[in-house]
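Subject: Model handover

Hello,

Here is the model we talked about, with notes on what was found in it below. Please read them alongside the coordinates.

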Amino acid sequence: MKRYAYYLSCINESMTKEVDRSIDLWQKDLGIELVKMHESTCCGGSNLDYVSPKHFALVNARNIAIAEKMGLDLVVSCNTCLMTIRSAKKKLDETPELKQEVNDILKKEGLEYRGTSDVRHLLWVLIDDVGIDAIKEKVKVPLTNYRIAPFYGCHILRPSKVLGHDNPVEPSSLDQLIEALGGKTIPYEHKNRCCGFHTLLVAEEESLNVAAEALEEAIREKADFIVTPCPLCHTVLDGYQAKALKQAGDEKNSIPVFHLSEMVGLALGYTAKQLGIKRHIVT
Amino acid sequence: MTVTEPHIEEAKKDITFRVFRFNPQIDSKPYYDDYTIQVERGITVLRSLNYIKEHLDATVSFRAFCQAGICGSCAMRVNGLSKLACTTQVWEVLEKCREPNVIKVEPLRNLPLVKDLIVDMDPLVDKMKHYSNWVESTMPEEKMGKKEFLISEEEFLKYDKATDCILCASCVSECSILRANSEYVSPAVLLKSYRMNSDSRDAIHDVRLAELVKDHGVWDCTHCYRCQETCVKSIPIMDAIHGIREDAIERRGMKDTSGSKHAEAFMSDIEKKGKLVEATLPIRTNGMAWTLKNLLPMAMKMIVKRRTPPPPPLVKPTKGIRVFRSMFREMSEHVREDHKSHNK
């Protein structure tokens, strides 16, 4: 059983509880154990970095230091948390004076940021550590006959200097996972595009236009569902779907959007009810 | 010109360039023309287009000048991605072809089309003018040419990378928000504004900043990082956008716009609870009236599905919040000290 320090994302603790619930169902089936980091704090959600770069460094040095104390890699299942924490790590590793300043403060809690734990997305763990072959072996209900649109989202791909796992132009990890679970990925231009989440409250009309394009392509290509490794993308593509499509002049179509963790759960034999899929706005 | 590497299996290939064609004066809709030519390894997309224009079809229109990645004229989309045709080698993009050995060449997005691969740059120029993206000098007219304007190395390093921009508009073409609304300021303009607002010779910092925080300005960027990823000069454009935001918060306060209020919520929630209080985020960003008008129907749906975020009293602070808070506040002291010494 390979162990990881599992970072609790704010949104998965509030609006998208089904993400962690579904991971809890199947993690042991795939031979991994995600140890929850109850002491971790919000990463700053791609905002704290410019509000106060030093607080941003402190908060995320602390998050990573908790994982380091556990002797484990830090694993997240939200793209923006991934990008944000990895950005902080890069900054800390490249700026010794900042690392020192932060560590002087972290002493209070008996913590130290050393830079020894990697920060990874759950999708990367599934592909690189569990492995495609092992996943295939565990599939009980293959997703045969499902046409699936893989929506990667931005912050698992870009900036590639911070993320560096997939090719940001032609990403493949989510496609590989879909195929391993027996599903069929559709050619999907919007796979590496944006969902518009980060301006939903500031420029709603623009955000919904961005989301509508991604939804319309999946509908046009007759996908059975969209799958995303990011709960923020899910919130827009599922929660705001009707509003986005209406703004684009489409009031009759809809398309289900699944979390990565739910798609894995379905293929491993768990029911939609167990996985919390009924909690989605579009069902 | 030809780079021959004998150990690489093929030094020549037949490549089809599928070129976007549209002449608004004649055509009712765009179409693609295929041109198949033999290309040697080491040849760029621009050299190939020049060959096509000279030998196969003189009517294909594109803009190009320096052929060395300096002038920024030949930006276009090659296999879907905005880049300079003159610095893009054919071999480099072959593996990204949907159909083997067929390279799709299209005009930049988010700018009006003139003909084939040529777009109208005027909207970008107009925005540069709108934000006064030049140094409006602090030096009185009569002193000009008589006195040196010294710039410290420390200051220059702040905008060194931003000055590498060649205005090719690749970032403009890739921008998610500009695609959603053509009025959006656009990444290249924000980059230039950041560069001007960091320049100590400039006299209109506050005026420019006041314009940048308005609707369709700096707060509308959705952090997709497509601009930065595509930049042909590898300029960290998002650092510039975040730099303007940081400056706006410092100079204009956190209650200035919905964008700054939204950002402030992250800072204060983390300090108080260690996590985000999502239930009140829309209200704190846009006020109660906006929230009721825009989000009530969805809130109802979410209540039915039991996916509403918990109200503030039910958001339990993260474990060990007391020590965390004292460390957070200690860092606030550091930041205050930094500001004091910076302002001296």
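Gly45(A) is buried, because 25 other C-beta atoms lie within 10 Å (buried means 20 or more other C-beta atoms within 10 Å of the residue's own, exposed 12 or fewer, partly exposed in between, with C-beta atoms placed from the backbone). This is a predicted model, in which local features need pLDDT of at least 70 and side-chain atom pairs count only at pLDDT 80 or more, while totals for chains, interfaces and linings use all residues. Residues are numbered from 1 along each chain as its sequence is written, and chains are lettered from A and ligands numbered from 1 in the order in which they are written.

Gly45(A) sits in the loop between strand S2 (32-36) and helix H3 (48-51) of chain A (helices, H or I of at least four residues, and strands, E of at least two, are DSSP runs numbered from the N terminus). Leaving out residues up to four places away in sequence, Gly45(A) touches Thr80(A), Thr84(A), Phe266(B) and Leu276(B) (contact means C-beta atoms, placed from the backbone, within 7 Å). Its C-alpha atom is 9.2 Å from that of Cys10(A), 35 residues apart along the chain.

On the chain interface: 51 residues of chain A and 56 residues of chain B take part in the contact. On the chain A side, H1, H3, helix H4 (53-70), helix H6 (96-106) and helix H10 (204-220) each give two or more residues. H10(A) gives the most, with five residues. By class, that side has 20 nonpolar, 17 polar and 14 charged residues (Ala, Val, Leu, Ile, Met, Phe, Trp, Tyr, Cys and Pro count as nonpolar, Asp, Glu, Lys and Arg as charged, and the others, Gly among them, as polar).

On the domains: chain A is assigned domain 1 (2-122) and domain 2 (132-279), with bounds from an automatic or database domain assignment. Their C-alpha centres lie 24 Å apart, and 26 residues of domain 1 are in contact with 26 residues of domain 2. Helix H1 (10-14), helix H2 (18-26) and helix H5 (79-94) of chain A each give two or more residues to the domain 1 side. That side has ten nonpolar, ten polar and six charged residues.

Last, a helix pair: helix H7 (residues 122-130) and helix H9 (residues 173-180) of chain A pack at about 60 degrees, with axes 10 Å apart (axes are lines fitted to C-alpha atoms, for helices over the stretch in contact, and angles run from 0 to 180 degrees between N-to-C directions). The contact includes Trp124(A) of H7(A) and Gln176(A) of H9(A). It has six nonpolar, two polar and no charged residues.

Regards

Notes:
Contact = placed C-beta atoms within 7 Å.
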